[in-house]
Amino acid sequence: MSITNGFNRAESATMSTLRRCAANLVTAGTLLARPTRVNGWRFPRLELRTMVIVAGITVAVFALLMTTIDAAVVRGVDHVPGWIVSVFDDITDFGKSGWFLWPLGILFLALAAFPPVLTTFSQRVLATIMVRVGFLFAAIAVPSLLVTIVKRIIGRARPYVGGSLDPLLFSPFAWVPAYAGMPSGHATTAFAVLVAFGTLWPRARTILVVYAVLIAISRPMLIAHYPSDVLAGALFGIVGAMIVRRYFAERRLGFAIGADGKIHQYPGPSLKRIKAVARGLLSP
């Protein structure tokens, strides 16, 4: 009977944790879906003419890169020493979004599953951390997901697909990896990481820039992408992460929009407070 009771208690505790986690996830989703809380200032609407001009300039720039630089850079990789290519081959995998999304997602779920027996102070600290973890996850996941779809709609061939080096080879809606060159998913992730983590920890921006640039260089170095693919991915990552940041700021989740229209980060919990909460959680 004691063993049976032990199993029942363990099962009950597990179900309680799952229900608590689910309830907190629903609460988090409700906060993300709530209406904007910006007072006074509004994001300026772009006129159709301005949008057309910006789009035209962007297309012209990328067309110029495709016809003048892309093929030359890929051919130049043949003259790069093998050991350098090998180093970038080891580096490039760190541009995959899973390196960030899995740890952040697990951490977010763990925070959502904490028992409600904590003090009010501890709950506030954990809620603040949870908002920041959620921001990091969304700022990386959203542009990465969009790029996964957009690159298959564009259908640009990767280098040497089709038997020759043709930067203007496209097969829209092909939905195969060979024709999923633009934008680069690795570059999107790397620059989204740069913006997301750099927003929360400005002092780390130098290291983050080095990381993003190395990932970006690795893609054409391994002949997986053209340079314009990487540039498109970088823009996607930067703009996507900035849009997520503004979305959070409009709902006053970790950020706020000032009267001047600039985004300001709310003060986060100090390391001392985080350690105090951790000691409380670990203490019997």
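# A walk through a helical chain

Just after α9, Arg252 has a positive phi of about 55 degrees. That residue is our way in. The model is predicted, and every value below is computed from it.

Helix α9 covers residues 227-250. It has 24 residues and reaches 35 Å from its first C-alpha to its last. That is close to the 34 Å expected at 1.5 Å a residue.

Now step back to the whole chain. It holds 10 helices and 2 strands. From the N terminus on, the order is α-α-α-α-α-α-α-α-α-β-β-α. The protein chain has 284 residues, and 37% of them count as buried. Take the contacts between residues at least 6 apart in sequence: 74% of these join residues at least 24 apart.

Return to α9 and look at a partner. Two packed helices are described by the angle between their axes and the distance between the axes. Helix α2 (residues 48-68) packs with α9 at an angle of about 150 degrees. Their axes are 9 Å apart. The angle makes α2 roughly antiparallel to α9, because angles over 145 degrees count as such. On the α2 side, the contact is made by Phe62, Leu65 and Met66. On the α9 side, Ser228, Leu231, Ala232 and Leu235 meet them. By class, the residues of this contact are 6 nonpolar, 1 polar and no charged.

Asp229 also lies in helix α9. Is Asp229 buried or exposed? Its relative accessibility is 0%, so Asp229 counts as buried. Which residues is Asp229 in contact with, leaving aside its neighbours within four places in sequence? They are Arg156, Gly181, Met182, Pro183 and Ser184.

Two of those contacts deserve a second look. Met182 and Pro183 are joined by a cis peptide bond, with omega about -5 degrees. Pro183 sits in the loop between α6 (120-154) and α7 (185-200). Most residues other than glycine have a negative phi, and most peptide bonds are trans.

The loop between α6 and α7 also holds Phe173. Phi of Phe173 is near 60 degrees, a positive value in a residue other than glycine. Phe173 counts as exposed, because its relative accessibility is 55%. Trp175 lies in the loop between α6 and α7 too. Its phi is likewise positive, near 60 degrees. Trp175 has a relative accessible area of 46%, so it is partly exposed.

Follow the chain into α7. This helix packs with helix α8 (residues 205-221) at an angle of about 175 degrees. Their axes are 9 Å apart. The two helices are therefore roughly antiparallel to each other. From α7 come His186, Ala190, Phe191, Val193, Leu194, Phe197, Gly198 and Thr199. In α8 they meet Arg205, Leu208, Val209, Tyr211, Ala212, Ile215, Ala216 and Arg219. The contact of α7 with α8 has 11 nonpolar, 3 polar and 2 charged residues.

Which residues of α5 are buried? They are Phe100, Leu101, Leu104, Gly105, Phe108, Leu111 and Ala112. These cover an arc of only 130 degrees around the axis, so they are on the same side of α5. The face turned away from that buried side carries the exposed residues Trp102 and Ile106.

End at Ala71, in helix α3 (residues 70-76). Ala71 counts as buried, because its relative accessibility is 13%. What does Ala71 touch, not counting residues up to four places away in sequence? It touches Leu165, Pro167 and Tyr226. Ala71 can also be placed against Tyr160, which is 89 residues apart from it along the chain. The C-alpha atoms of Ala71 and Tyr160 are separated by 9.9 Å.

Key: Residues are numbered from 1 along each chain as its sequence is written. This is a predicted model: local features need pLDDT of at least 70, side-chain atom pairs count only at pLDDT 80 or more; totals for chains, interfaces and linings use all residues. Side-chain values use heavy atoms; hydrogens and water are left out. Axes are lines fitted to C-alpha atoms, for helices over the stretch in contact, and angles run from 0 to 180 degrees between N-to-C directions. Helices (H or I, at least four residues) and strands (E, at least two) are DSSP runs, numbered from the N terminus. Angles under 35 degrees count as roughly parallel, over 145 as roughly antiparallel, 65 to 115 as roughly perpendicular and the rest as oblique. Contact means heavy atoms within 4.5 Å. Ala, Val, Leu, Ile, Met, Phe, Trp, Tyr, Cys and Pro count as nonpolar, Asp, Glu, Lys and Arg as charged, and the others, Gly among them, as polar. Buried means under 20% relative accessible area, exposed over 50%, partly exposed in between (1.4 Å probe, protein chains only). The arc is that of the directions from the helix axis to the C-beta atoms. The expected span of a helix is 1.5 Å times one less than its number of residues.
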